[in-house]
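Subject: A structure for you to look at

Hi there,

Here is the structure I promised to pass on.

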Amino acid sequence: MERAHQDQRVADRLRSTTQSLESALYDLLAEAQLRGQITSARSATDLAGFLVTSLQGLRVMGAINPDRAALTRYAEVALTCLD
């Protein structure tokens, strides 16, 4: 992430990878919404973006303080948006 501000190839790769992850999550979330497995109160687009953002935050926090139990709790909180 730090290199993205100085290296366009790194920035492009990060953008592509993030967009691919968000797109894959969107597909799964949209299908789950159609099946009634998760809430439709929020758009699949917004949910996918939120989950990718949360995942990136968890990665940063894991590097700073790798407390697995705490990180698991935080991930569980993020997943409540799917209720």
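Below is what I found, starting with the whole chain and ending with a few single residues.

A word on how to read this: residues are numbered from 1 along each chain as its sequence is written, and side-chain values use heavy atoms, with hydrogens and water left out. This is a predicted model, where local features need pLDDT of at least 70 and side-chain atom pairs count only at pLDDT 80 or more, while totals for chains, interfaces and linings use all residues.

**The whole chain**

The chain has three helices and zero strands, and its pattern along the sequence reads α-α-α. Helices here are DSSP runs of H or I with at least four residues, strands are runs of E with at least two, and both are numbered from the N terminus. Along the principal axes, the C-alpha atoms fill a box of roughly 45 × 30 × 15 Å. Of the 83 residues in the chain, 28% are buried (buried means under 20% relative accessible area, exposed over 50% and partly exposed in between, with a 1.4 Å probe and protein chains only). Contact means heavy atoms within 4.5 Å; among contacts between residues at least 6 apart in sequence, 42% join residues at least 24 apart.

Helix 1 has 27 residues and reaches 38 Å from its first C-alpha to its last, close to the 39 Å expected at 1.5 Å a residue. The expected span is 1.5 Å times one less than the number of residues. After helix 1 comes Gly-36, whose phi is positive, near 75°.

How do these two helices pack? Their angle is about 130° and their axes are 8 Å apart, which makes helix 1 oblique to helix 2. The axes are lines fitted to C-alpha atoms, for helices over the stretch in contact, and angles run from 0 to 180 degrees between N-to-C directions. Angles under 35 degrees count as roughly parallel, over 145 as roughly antiparallel, 65 to 115 as roughly perpendicular and the rest as oblique. Among the residues that meet here are Leu-25, Tyr-26 and Leu-29 in helix 1, and Ala-48, Leu-51 and Val-52 in helix 2.

The buried residues of helix 1 are Val-10, Ala-11, Leu-29, Ala-30, Ala-32 and Gln-33, and what covers them includes helix 2. Beyond its neighbours within four places in sequence, Ala-32 is in contact with Gln-37 and Ile-38.

**Helix 2 and helix 3**

The axes of helix 2 and helix 3 come within 11 Å and cross at roughly 170°, which makes helix 2 roughly antiparallel to helix 3. Residues that meet across this pair include Phe-50, Leu-51, Ser-54 and Leu-58 in helix 2, and Leu-71, Tyr-74 and Ala-78 in helix 3. Buried residues of helix 2 include Ala-44, Gly-49, Ser-54 and Gly-62, and the buried residues of this helix pack against helix 1 and helix 3.

**The core**

Which residues form the largest nonpolar core? There are ten: Leu-29, Ala-30, Ala-32, Ile-38, Ala-44, Leu-47, Ala-48, Leu-51, Cys-81 and Leu-82. Helix 1 (8-34) and helix 2 (44-64) each give two or more residues to this core, and the largest share, four residues, comes from helix 2. A nonpolar core is a set of buried Ala, Val, Leu, Ile, Met, Phe, Trp, Tyr and Cys residues joined through side-chain atoms within 4.5 Å. In soluble globular proteins, nonpolar side chains tend to be buried together.

- Ala-78 lies in helix 3 and counts as buried, at 11% relative accessibility. Leaving aside neighbours within four places in sequence, Ala-78 is in contact with Phe-50, Leu-51 and Ser-54.
- Tyr-74 lies in helix 3 too, but is partly exposed, with a relative accessible area of 44%. Tyr-74 and Leu-58 are 16 residues apart in sequence and 7.9 Å apart in space, C-alpha to C-alpha.
- Arg-3 lies in the segment before helix 1 and is exposed, with a relative accessible area of 53%. The C-alpha atoms of Arg-3 and Arg-59, 56 residues apart along the chain, are separated by 16 Å.
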